[in-house]
Amino acid sequence: MSAILLIEDDATIAMGVEYSLKQDGFQISLAYRLEEARDLLKRDSFDLVLLDLGLPDGSGYELCKEIRAAGDTPIIVLSARDEEASIVLSLDLGADDYLTKPFRLRELISRMKAVMRRRGPVEASDHTLICGDVTVIAQQAKVYKNGSEVLLTALEYRLLLTLFTNQGRVLTRAQILAHIWDVDEDFVNDNTLTVYIKRLREKLEDDPQNPELIKTVRGLGYKAGD
Ligand code: CA
């Protein structure tokens with residue numbers, strides 16, 4: 001049974017979420033404030049944290065950073081509507097996903113399951129990543145579309161790999177840049193990223209103007225797959 005920590009000061013939301021997660025077989029601990037959440041995190045270990053950003057004794061960002069500094073526990077941020085900047089910041093601080101309020105409980109549960117699956121044992125034995133009609137054989141650094149090999153530059157390949165290993169997850173531009181920067185000394189800036197995304201789409205999308213594989217999430221970043 002997965003242990004979930006829900007940090008939410010709105011009692012109506014908290015109780016609704018708690019009730020339906022219990023129905024779904026999750027074990028829930030509830031905190032209304034950051035301090036309570038910190039105490040619970042010290043005492044127990046959790047499989048996933050649901051984190052509201054606006055809390056009475058501070059911002060969820062701080063806790064997001066602390067949880068990420070301490071380990072890999074998946075975090076889904078629950079944020080008020082139309083707060084793109086705060087969503088970007090929480091993703092940059094290491095949150096795995098976000099939901100804007102009001103959200104449907106079914107949606108929450110399916111996101112939670114997806115995040116926990118992604119955070120699970122990731123090292124697939126054959127390192128093959130598939131998204132739509134594109135397949136990446138990571139061991140050989142080869143990319144195929146509909147069975148035909150597509151030639152990518154080293155940087156295009158790394159960008160694609162970053163997106164594909166995080167399938168279904170929105171990556172902010174800063175996260176993508178940090179990832180590419182990590183493995184190479186080449187200078188990659190924000191404009192370069194836009195150009196590389198465009199090139200990848202030209203090589204891999206059926207219709208680069210209406211990308212299905214690498215989607216732009218307006219104001220947030222990019223996402224591969226659904
Ligand atoms: Ca709140």
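The residues lining the second largest pocket comprise four nonpolar, two polar and three charged. In this predicted model, the volume of that pocket is about 160 Å³. Its lining is made up of Arg 38, Leu 41, Lys 42, Leu 63, Glu 66, Ile 67, Ala 70, Gly 71 and Thr 73. Two elements, α2 (34-43) and α3 (60-70), each give two or more residues to this lining. The largest share, four residues, is contributed by α3.

The calcium ion is coordinated through OD atoms of Asp 9 and Asp 52 and through the O atom of Gly 54, at 2.2 to 2.3 Å. Along the sequence, these donor residues follow the spacing D-x42-D-x1-G. Asp 9 is located in the loop between β1 (3-7) and α1 (11-23), whereas Asp 52 belongs to strand β3 (residues 48-52); the pair therefore ties together parts that are 43 residues apart in sequence. The two aspartates fall into separate accessibility classes: Asp 9 is partly exposed, at a relative accessible area of 32%, while Asp 52 is buried, at 5%.

In helix α4 (residues 84-92), the buried residues are Ser 86, Ile 87, Val 88, Ser 90 and Leu 91. An α-helix has 3.6 residues a turn, so residues three or four places apart point the same way. Just after α4, a positive phi of about 115° is found at Gly 94.

Definitions and conventions: Residues are numbered from 1 along each chain as its sequence is written. This is a predicted model: local features need pLDDT of at least 70, side-chain atom pairs count only at pLDDT 80 or more; totals for chains, interfaces and linings use all residues. Side-chain values use heavy atoms; hydrogens and water are left out. Buried means under 20% relative accessible area, exposed over 50%, partly exposed in between (1.4 Å probe, protein chains only). Donors are N, O and S atoms within 2.8 Å of the metal (3.2 Å for Na, K and Ca); water is not among the atoms, so sites may look incomplete. On a 1 Å grid over the protein atoms alone, a cavity is a set of points where a 1.4 Å probe fits but cannot get out, and a pocket is an open set with protein on both sides within 12 Å along at least five of seven lines; lining residues have an atom within 4 Å of a point. Grid points are joined across faces, edges and corners, and a volume is the space filled by probe spheres set on the points. Ala, Val, Leu, Ile, Met, Phe, Trp, Tyr, Cys and Pro count as nonpolar, Asp, Glu, Lys and Arg as charged, and the others, Gly among them, as polar.
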